[in-house]
Protein chains: 2
Amino acid sequence: MHPLDAFFNPAALALVGASSDPERIGGRPLRFLQEAGFGRPVYAVNKSGGEVQGLRAWTSVLDIPGPVDHAIVCVPVPGVRAAVEDCIRKGVRCIQVLTAGFAEAGPEGRALQDEIAERCRRAGVRLVGPNSLGLLNVHTGLHATFSTLLDGAKPRPGAIALATQSGAFGSCAYGMATLRGLGFSKIVATGNEADVDVAECIEYFAGDPATRVVLAALESCRDGNRLRRALVAAARVGKPVIVMKVGRTDLGASAASTHTGTLAGDDAVYDAVFAECGAWRAQSIEEMLDVAYLCVTARMLPRGDTLGVITGSGGIGVLVADHAGELGLAMPPLPPAAVAATQKLLPFAVAANPLDMTAQVTSVQDGIARSLEVMLREGGYDSVLAYLAHAGLSPRRFEAVLPALETLRRHHPERLLLLVMLSAPEVTTRLEAMGIPVFADPSRAAKALGAAAALRRRQANLVEPVRASAAWAPLPDVSTEHGAKRVLEAAGLPMLPETLCTSSDEAAAAAQAIGFPVVAKIVSPDIVHKTEVGGVVLDLRTAAAVRSAFDQLMTRASQAAPHARLHGVLVAPMVSGGVEVIAGIHRDPTFGLMAMVGIGGTAVELYRDVAFASAPLDRGRAQALVDRLRASARLRGWRGTPPCDEAALVDALCALSRFAAGHGDEIQSIDINPLLVREQGAACLDAVIVRQEARPVSVDAHGAVRATAEEAR
Amino acid sequence: MHPLDAFFNPAALALVGASSDPERIGGRPLRFLQEAGFGRPVYAVNKSGGEVQGLRAWTSVLDIPGPVDHAIVCVPVPGVRAAVEDCIRKGVRCIQVLTAGFAEAGPEGRALQDEIAERCRRAGVRLVGPNSLGLLNVHTGLHATFSTLLDGAKPRPGAIALATQSGAFGSCAYGMATLRGLGFSKIVATGNEADVDVAECIEYFAGDPATRVVLAALESCRDGNRLRRALVAAARVGKPVIVMKVGRTDLGASAASTHTGTLAGDDAVYDAVFAECGAWRAQSIEEMLDVAYLCVTARMLPRGDTLGVITGSGGIGVLVADHAGELGLAMPPLPPAAVAATQKLLPFAVAANPLDMTAQVTSVQDGIARSLEVMLREGGYDSVLAYLAHAGLSPRRFEAVLPALETLRRHHPERLLLLVMLSAPEVTTRLEAMGIPVFADPSRAAKALGAAAALRRRQANLVEPVRASAAWAPLPDVSTEHGAKRVLEAAGLPMLPETLCTSSDEAAAAAQAIGFPVVAKIVSPDIVHKTEVGGVVLDLRTAAAVRSAFDQLMTRASQAAPHARLHGVLVAPMVSGGVEVIAGIHRDPTFGLMAMVGIGGTAVELYRDVAFASAPLDRGRAQALVDRLRASARLRGWRGTPPCDEAALVDALCALSRFAAGHGDEIQSIDINPLLVREQGAACLDAVIVRQEARPVSVDAHGAVRATAEEAR
């Protein structure tokens, strides 16, 4: 039994703070429960006793004669502590606190919230809220919420579960979904998340037989790995999770002492984690609902990425094809067998993909069924989208098509069939019952299908959450470029031959040994941005030039940074050619170590053409990371230049991410900038490692920064 | 009287090919006209005579006793020519040919279509179609179409006009609009556009008092300047035009002998033209309808770009703010007066922008009205978007808010007010009647508002269509880099001192005069891609090196291209520093000369970070073009480099575009790549001018390429 099960399937429920006014916060849940016919005992608790909405009111939860496993607390703030205490003494297993005025209201509220959460934790009692809008098990009539929305939009039973941090956001999604006819299994608003969070709810829904699709709305995430595990658990059982992440924090910036950190931002990291864990991130509530509708109606995800389109309008066909291309769906041409079948069965049609049935799409007897059959049988497409104009608005005529569609669904159960048309509700309902989603807008249909295909791809390529370990020997001194490079070299990253020199003689000798031209760079733990203090001299071609550069660098550095400790000058080969890459590691406050890659300094900055992935990477994932860059074409023979050693880049990314992961909490961030990828091999031309000094921090639902006990050293 | 007026407001109508079967193409228009109660005479013409749907059927249009000004022809293809001939003899002013099987069916159909169009042209009779789905004047019941959609979705009268090339595409838009309650003034499907095209319909709607918003769907455009003029005409009278351009042609590629041409593509050019001419390009039918709904309901466009947001949910507030940022809307902070007013009137609210009313947004008496008043009066925002959760689902409670909203609209008639909430139809209708649009999805509301603000900006910054002229002296020889540069220099483009040398002595002397280092490049009208034949030598530092380079270049060129005419070697200063820009001119087959700018070769190619605008440019438009580039930051002191001379770039773009426009049809394309923008000034380092050799071509609705008589020399 999942620990959250008692919330959704209680044997008996107590409402502490029950009001006899059915419009008040304490009155509404009781009214909703009664209206929905919740079939288990519901006890009203009100310190005045008497009767509340037809129920006897117990003056204390302790007076209730029978057992109670789930208590809803909606007394005013000052009474919450005592109410929770009573519930614990009564032996409840779970408590929802709907009352607001806790962490979201200020430090006092936060302290009270922490106290209550700690009390529950010690008692082994689970807590939803405080400041929660409540939860619903729609199938059993457990309408344990005070949302007035339930009056305007009665919940419909269905297979979609919704976990939301913000009650308002969840209401908006719930209301829009319900008004368009979508049904829910379970809904929960986690509020301040003093205990139960959205991640745990996702995990619960992953194992809930009544749920086939999971919606989640997050404003923040307290435990990145719990979220990862929950998403992966849902993906493993094939349940699509569609997430909205709203609200941005500036936390990323506080840790941004390096390039990689600046580029990270919350959003890119969330995107990467959602993709790795098999979820789809929606950009709007409507998009979230479109994808959910498609998945829950089709009862499957597309088995692959190929799309066949049937249309009665060239223009709509092109519109769908344009969207499909943007969404990673492939529209391979109609195979010869399908062309032949089209010419035989539908001589008026343009035999291609899109299959253009012309204006006859709806007027020809059997045209719809025949074209769908051609696309499924001879076309072999994983999904088929048919644009049927307004065919569904004539229920009597469309009736004749339904048996053929039913047969097609039966013959091709593994293919996704999608109709785009204007349609009367009775037609739509019949189609949905067959597992055929119906959209009015071609663009929304194509986008939802693209998301469903991405969900399938991601579910098949899950990345298991890995915690950074401290398995490797502790880091030596990495406070200089030289120190960082030596450590990274030992970790398998490619370096040029370089020598740290402490005199001009040593520098000249090193240059002779390396071969001219060389570069010389100041080495100091106190100077991170060397070029800003004139700490780099390029293209030295003689021993004399190297000597003079040594003296110059030492002088400049001691002038520019009088207190800097100077370790000497690094002499290294001057190389050119190849493609400059930035590779990095960034410790995200929520998700831990993330690897990053970008190509070309300017493009990385201007176009944010960078990709993130959880560390460590294997070769496949490192290659996929590089492939995500729009600039990856530059590695493969760009405008006449020879192709670069992409394998060397992939190896370097793997080595870098393994190194970071192996050093547990020691690493805050690493910049290798540039990592020069050459025709043969690669070389780190500069490297900065920033140790993690402070304890890792986390952010809760209300933006308060606090140390996470679990992650603190 | 506009030439198209007789189509929409005929005094008497004849249906040639009228059928007594009300379900056939020839029968449906008659049925629809009768059902809609069209109040003018309608004559049925059927060669069998007798009676058709209760009307006497005339055997020929010539037999009709009274005058007829508008004829609808839907006889089969073989009879169309004779039917049109009869209509012309009868003295009609306009003809719709609904029959299909013309240009879209093949060369024979095209020939017949051309013949009929020419016959009409000579007779001064206007023609819609052939292959048109018909047209409607919804307000007069002129339902002259055979679309079966009219049975499923009866037209509602309203102020939106729709002109569409594709009947199917138009049906989809019409159907979706009608089912969501939008009303139309006039609708026309132009079909094969043998005469009347979408552009002319837009122009007509611009002057139509019944139309306030224009929708247009194009698959191609025959006359770019007519489209420009039509869009500008609508924009000048403040009517929003929302366009969808679907279907891509590969025509751009055929003319793409230069870089600029390759980058152009149809889409970037259409985007530029729509923006210049005050229109909004929608990416989906639903987006088109959202923008139309907003404009037609609010009866205005936002007067500016500032947005105030009221929300009951932090999450929704952030979601809207994110979209607003992407859409170019500004969300300035709440002014101090508004903060004070909020604290006084709404002490529970978070006084900021978004103004977060917390969960009390709907429960506090007057909360909605007070917050709106604060945002409008003290906030001063041009538009205010209020997210009111599901307040509209309780008509009885929302009723109380309506008078206050009415007062606010009256006090602030110039501000746009937008509500986002779940709402009962009776509430929505009341709000819409006050000029307040209501959306359910916050994202769609924000996007529609962004489009409306862009429409207002564009209407205020219209670019008048200019035709290229041949006012300048004819082009001399521009077949080499040297020739092109001299001509561009004379036109005011910045050049370095360069010398064309025909001997190694001349080259050495030129280098001495210019100063070392120099570059040397082969000059031949037959070698465009110099680097590919080793035709460029960089960084020559001595006279001897220049001599040797001269010989080397001449030898290499004659080996690589034995038949190339070699004019000599260009000696030019070797410069470095600055930012490399590509500036170009591209003759679009539809819209003529377009100016282009992009920064940095790689970024231009990989990220398509280029901007197009109609030539010629003035300084303001040239600056705006540069501002549109994401890479424009590189010109302004990027990562510690000094700022570049942006004014010199702007001047160069103006000079280049004036030069191209002044040379009428002589120019096919120009590439200046790179144009080096330096700390002081700029310099064209290479230039290619391609003359227009072939006649300009155009493409019609069915993809057939043909010479445009008007543009041919």
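In this predicted model, 52 residues of chain A are in contact with 52 residues of chain B, where contact means heavy atoms within 4.5 Å. Residues are numbered from 1 along each chain as its sequence is written, chains are lettered from A in the order in which they are written, and side-chain values use heavy atoms, with hydrogens and water left out.

The size of an interface is often given as the accessible area lost when the parts come together. Between them, chain A and chain B bury about 3900 Å², of which 66% lies on carbon and sulfur atoms; this buried area is the accessible area (1.4 Å probe) that the two parts lose on being put together, summed over both.

The same surface serves both copies, since 100% of the contact residues of chain A recur in chain B.

Two salt bridges are counted between chain A and chain B, a salt bridge being a side-chain nitrogen of Lys or Arg within 4 Å of a carboxyl oxygen of Asp or Glu. Glu286(A) forms a salt bridge with Arg444(B), and the closest N and O atoms are 2.6 Å apart.

The elements of chain A that give two or more residues to the side touching chain B include helix H11 (285-298), helix H12 (314-326) and helix H22 (601-607), where helices (H or I, at least four residues) and strands (E, at least two) are DSSP runs numbered from the N terminus. The largest share of that side, seven residues, comes from H12(A).

Within chain A, Asp290(A) forms a salt bridge with Arg180(A), the closest N and O atoms being 2.8 Å apart. This pair links distant parts of the chain, 110 residues apart, with Asp290(A) in helix H11 and Arg180(A) in the loop between H6 and strand E11 (184-189).

Chain A also contains an open sheet of seven strands in the order E3-E4-E2-E1-E5-E6-E7, with mixed pairing; two strands pair if DSSP finds at least two bridges between them. Strand E3 (51-52) and strand E7 (126-128) stand at the edges with a single partner strand each, so one side of each is left without a neighbour in the sheet. Strand E1 (residues 13-16) and strand E2 (residues 42-45) of chain A pair in the parallel sense over four bridges, and Leu13(A) stands opposite Val42(A) in E2(A).

Some backbone details remain. The peptide bond from Phe516(A) to Pro517(A) is cis, with omega near -10 degrees, and Pro517(A) is found in the loop between helix H20 (504-514) and strand E21 (518-523) of chain A. A cis peptide bond also joins Phe516(B) and Pro517(B), with omega about -5 degrees.

Notes. Predicted model: local features only at pLDDT ≥ 70, side-chain atom pairs only at ≥ 80, totals over all residues.
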